[in-house]
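Have the sequence and the model open as you read.

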Amino acid sequence: MNGLLAIYCTGIGSLLALGFAAVNFYQTRKKDPGSAAMKKISESVSAGANAYLKRQYTGVLVFFAIIFVIMLVMAACGFLSFFTPFAFLTGGFFSGLSGFIGMRTATMANGRTANAASKSLNSGLRVAFSAGSVMGFTVVGLGLLDLTIWYLILNAAASNLADVNEKLTFITSNMLTFGMGASSMALFARVGGGIFTKAADVGADLVGKVEAGIPEDDPRNPAVIADNVGDNVGDVAGMGADLYESYVGSIISTAALAVAAGYGIKGVALPMVLAAVGVLASILGTFFIRTKEGASQKNLLQALRTGTYISSILIIIAGYISIKLLLPDHMGIYLAILSGLLAGVLIGAVTEYYTSDTYNPTKRLAESSKTGSATVIISGLSLGMISTVAPVVIVGISVLVSYFCSKGSGGFEQGLYGVGVSAVGMLSTLGITLATDAYGPIADNAGGIAEMTGLPSQVRDRTDALDSLGNTTAATGKGFAIGSAALTALALIVSYINKVGQVSPSFHFDLAVNNPTVLVGLFIGGMLPFLFAALTMDAVGKAAQAIVVEVRRQFKEIKGLMEGKAEPDYASCVDLCTRSAQKLMIAPALIAVIVPILVGLILGPNGVVAMLAGNTVTGFVLAIMMANAGGAWDNAKKYIEAGNLGGKGSDEHKAAVVGDTVGDPFKDTSGPSINILIKLASMVSIVFAALVATVHLL
């Protein structure tokens, strides 16, 4: 197969994904939005989410403008290509756009899901999943579109270069830089949205459920609309930007390694072709997702897993054909694809085991509520820590299998190319994987609308079942993102080393641990995820305190509110969350950009490589621990609410609510943001590699 023709398949995959997303959007919009009361609440949530994103994107625009100017100056000084600043902008734009489209779809679908759930569980699942598919395939489609556009632009710009490898080096090194734009936007979206959603959630739970003793999503709670808005700006818009960054990052880093490995244009094309055929596999998998009335959590999980497993089987077949056509003399790379796919499936299974109330770990966590909230916290932390063992072993084995199978009789670079391909394999079915993740917040919102509009109890039971499943699939989606971040980060570290070698051929890397700059870099990198997590957790705590004070004030000052005779001031809580999130997201976001540059300017390239290694190792483990602990706390609470142990309102339930409250920023703010930190630090280092190689103290 001609390599350039194969790359054009990426554009076809992009159009296919965006077309399927459009079909799902219009099908969802045609569904009945429900009663006037349901439409009013849905519109309020949509207005709040739009207002938040408008304010967030305005602030992020300032950051992008500053970095763009800095990059232009660096390009003028010869440290960057003039294409780099513009690639940075498009990466950020498409990342933000994917989150925005997903959020608009989710806010449109929440009321429709609640109305569909009043008919049957399967109807509710289909509407929520269809809306989630818009997010999944928009992310994939826009990612492939960005790749295709930039390849065509850079290929034309490099037409005067006669040497093929020199031309491909120019193309892939410039394409790597739009990953920094995608990572930057993803970090702002994840951190800002995470602060918003968890501040509202924590505030609503602490005052409403624990202090006032009213049900979750009770319309008397002033923070209830802000909580529903938060589900969309954090768990949908933030997640979409996050997974967009993971997706394109794995593809472009692998394409860059193909050049170093000597695979030429066919090696560059392979990860793009895998992503394109992954679109088709994901589309076919979506048609197999359905369930029956009265389905258990196990049945619902099986319904979603059927679709993802079928997509994976199709990728196994398509991957073999792709390598046979592009790199027939290197079939060991096929085993790397299988390794990545299997690692993704296994990480998902491990995550499901530790976070779903179908299995013993979460049931035992719920049992710990019998002795109070302290034991719930202790047990949840223990569960999160032990849950890191299997993913680390899985990723470690995947790296070794991918490396040695791909290396064959070749060199180091060919083995690393295999590791990059395994990351692409893991994310190749992202369209359907992200759809199963994105549907969760939609089901959560649907449950809130059902509660606030007084729909029959069986409707809330159905939406709660879908929401509980969403907690597990969300944790699984985060596991995919975090696992792929570890594999992609390794490829990016090698890309950084290659970049320094290109701009400063005389520089000699000394990465021995007895090199002081390496040791210091390792310590800084190992500390960075903890500093980042501390800042994001503290931000949620501060914002939640403000919400708690506001909700208490309204309960005290608005006469007749608790009796249901007066309406709370929802808008004030939404505005308070928005202002807090915009202010408190700045520090952690800037640290992720500034620290890699400072380490480079002080410790030099050796220190940067060590920092990236330390950041990857501790970030991967900490992110898994926080995401799984948070998911388990949430589902332990839902397990009790389903009538187990003491049921709703019992002492066990109150203890579990405290655990869930602690777990909220774990799983929805700090944990998922760390995987962006891992890749953003690598991307920033690559962009500033020429400057650091030229100017550093040690």
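Where is R290 found?

## R290, out on a loop

R290 sits in the loop between α7 (264–286) and α8 (297–326); helices here are DSSP runs of H or I, at least four residues, numbered from the N terminus. This is a predicted model, so local features need pLDDT of at least 70 and side-chain atom pairs pLDDT 80 or more, while totals for chains, interfaces and linings use all residues. Residues are numbered from 1 along each chain as its sequence is written, and side-chain values use heavy atoms, with hydrogens and water left out.

With a relative accessible area of 48%, R290 comes out as partly exposed (buried is under 20%, exposed over 50%, partly exposed in between, using a 1.4 Å probe and protein chains only). Setting aside residues up to four places away in sequence, R290 touches N122, L125, R126 and A303, where contact means heavy atoms within 4.5 Å.

## Helix α4

Helix α4 covers residues 121–157, and its end C-alpha atoms are 54 Å apart, which agrees with the 54 Å that its 37 residues should span at 1.5 Å a residue (the expected span is 1.5 Å times one less than the number of residues). Of those 37 residues, 28 are buried, so α4 is largely enclosed by the rest of the structure.

## V540 in α16

V540 belongs to helix α16 (residues 516–557). Buried or exposed, at 2% relative accessibility? V540 counts as buried. Beyond its neighbours within four places in sequence, V540 is in contact with G194, I195, K198, A199, P665 and T669. V540 and L584 are 44 residues apart in sequence, with their C-alpha atoms 8.4 Å apart in space.

Take α9 (residues 332–355) and α13 (residues 412–427): their axes come within 7 Å and cross at roughly 45°. Axes are lines fitted to C-alpha atoms, for helices over the stretch in contact, and angles run from 0 to 180 degrees between N-to-C directions. The two helices are therefore oblique to each other (under 35 degrees is roughly parallel, over 145 roughly antiparallel, 65 to 115 roughly perpendicular, and the rest oblique).

Next, α11 (residues 373–386) and α18 (residues 586–641) have axes that come within 8 Å and cross at roughly 135°, so α11 and α18 are oblique too. On the α11 side, V376, I377, G380, L381, L383, G384 and M385 meet M625, N628, A629, A632 and W633 of α18.
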